[in-house]
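Subject: Structure handover

Hello,

Please find the structure below, followed by notes on what was found in it.

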Amino acid sequence: MSVNELFKKELKVINMGLESFYEELRSQDVETIHVDWKPAAGGDKKMASLLGRLKGL
Amino acid sequence: MANFIETANKKALEIMQNAQPTLVGMGVAKDVVPGMHKKLIMHAGPPITWDKMSGPLRGAVIGGLIYEGLATTPEEAEKLAASGEIEFDPCHHHQAVGPMAGVVTASMPVFIVENKTQGNFAYCTMNEGLGNVLRFGAYGDDVIKHLKWMEKTLYPVMKQALEIYGPIDLKTMIAQAAQMGDEVHNRNKAATSLFIREIASSIVKTDASKEDQVAVFDFLNSNDHFFLNLSMPASKSAMDPVGKVKHSTIVYTMARNGTEFGIRVAALGDRWFTGPAAIIDGLYFPGYSTDDANPDIGDSCITETYGIGGFAMATAPAIVQFVGGTPQDAVNYTTSMYEITLEESTIYKMPPMNFRGTPTGIDIRLVVETQILPVINTGIASKHAGVGQVGAGIVNPPMNCFTDALEAYVELLESEGMLG
């Protein structure tokens with residue numbers, strides 16, 4: 001499907017990341033769901049590394 | 001040893017799910033609690049010294065010393081507490097738990113709860129009711145007089161009634177209460193009612209005078225929190241054996257002493273991981289505010305550790321009138337706890353969640369990964385000794401308890417050559 005075709009349809013958006021993108025779409029009455037996503041360990045590299053070492057154990 | 005963490009956690013979860021907490025009787029602390037002696041004061045939370053204790057814990061220690069006859073005035077009690085002559089040790093180091101300040105002294109009567117599956121025991125005093133009570137740091141004459149009534153009148157009646165009745169299956173009682181609107185931490189109305197219904201005829205059969213029996217019934221009926229001091233040792237008896245499972249990342253203790261919050265993790269044994277206890281977000285009684293609040297205190301979050309209490313708030317919508325928020329908030333709290341737990345309870349089911357089991361088995365890895373902290377509902381003590389409860393609300397442990405534990409866990413595996 002081309003991008004142009006997509007935008008001719010009714011948009012249903014799943015937003016991940018910045019919540020302001022979700023709020024902006026909602027303000028324009030676009031059906032949107034915001035995924036409450038955060039990077040592992042809130043982006044703490046040390047903790048993410050420790051968790052990584054435990055994967056699969 | 002592939003999947004050894006998963007195997008260890010599976011074993012820990014089996015121990016939790018199969019626990020059979022059973023009330024088997026009562027005794028006096030010095031006779032039944034391991035290590036108890038006349039000059040030992042047990043308290044809630046991780047270890048703490050007198051100089052670091054907050055107001056309500058100091059108040060409860062003062063009351064405990066007066067109750068034991070080791071001091072006659074608050075000034076004398078304070079002097080004795082600071083002298084080094086008194087030993088302070090967490091309830092958790094003696095197979096016991098205590099709500100709020102959690103002070104237990106040698107002469108106090110305690111419930112004896114046995115986990116029939118594992119054969120271990122847990123102990124807890126009887127709940128004093130609301131108002132001016134020792135557990136919130138009050139130590140006036142009325143508090144001591146009430147404790148003496150509990151020792152001299154309530155205890156003999158309850159002890160004999162339990163001997164007449166026989167063991168009481170607390171697991172089934174908690175499961176029933178969870179379907180009647182209790183989460184058995186800050187809402188124990190249904191569980192207390194079920195307990196009274198169960199024990200009533202045995203109380204009538206005791207040798208106590210009719211007057212004393214009526215006084216006992218009136219006290220039980222006036223105290224919606226009476227069952228808290230049974231749900232806590234029930235949880236403790238279920239969680240203690242989890243603390244012996246090697247390599248498990250499951251939290252088996254959460255507790256606060258009013259200054260620090262502490263957790264213990266199965267793989268890391270008796271080691272506490274602590275951080276500053278938080279001020280509670282909640283509803284304050286008229287005339288009080290956060291300015292009056294002491295930081296978080298009490299062993300009662302052993303219920304959340306076991307997967308009930310704040311983790312089961314969805315099943316207790318009425319509790320929001322006590323701790324704040326809306327019934328939807330209660331559902332949201334419970335739902336978020338599935339993100340940091342490994343299983344759902346096979347016995348504690350919640351009607352508002354389509355009879356889904358409560359979130360069970362907090363994994364430190366999931367807490368650090370998701371940054372979602374355990375939800376605890378709790379009473380709020382005044383920061384001043386001798387005042388008592390000023391409200392109730394919701395609180396979380398500090399994140400560093402979990403990140404420190406995760407670091408220690410990785411270090412442990414490294415030292416054992418378990419990491420590649």
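Does A:M16 count as buried or exposed? With a relative accessibility of 51%, A:M16 counts as exposed; buried means under 20% relative accessible area, exposed over 50%, and partly exposed in between (1.4 Å probe, protein chains only).

This is a predicted model, in which local features need pLDDT of at least 70, side-chain atom pairs count only at pLDDT 80 or more, and totals for chains, interfaces and linings use all residues. Residues are numbered from 1 along each chain as its sequence is written, chains are lettered from A and ligands numbered from 1 in the order in which they are written, and side-chain values use heavy atoms, with hydrogens and water left out.

Chain A: A:M16 belongs to strand β1, residues 12-16 (strands are DSSP runs of E, at least two residues; helices are runs of H or I, at least four; both are numbered from the N terminus). Together with A:I14, A:I33 and A:W37, A:M16 forms a nonpolar surface patch of about 490 Å² accessible area (Shrake-Rupley method, 1.4 Å probe, only the protein chains shown counting as cover for residues). Patch residues have over 30% relative accessible area and no salt bridge, with nonpolar side chains (Val, Leu, Ile, Met, Phe, Trp, Tyr) joined within 5 Å and like charges within 9 Å. A salt bridge is a side-chain nitrogen of Lys or Arg within 4 Å of a carboxyl oxygen of Asp or Glu.

A:E19, in helix α2 (residues 19-27), is partly exposed at 44%.

Chain B: there are 14 helices and 15 strands, and 62% of the 420 residues are buried.

Regards
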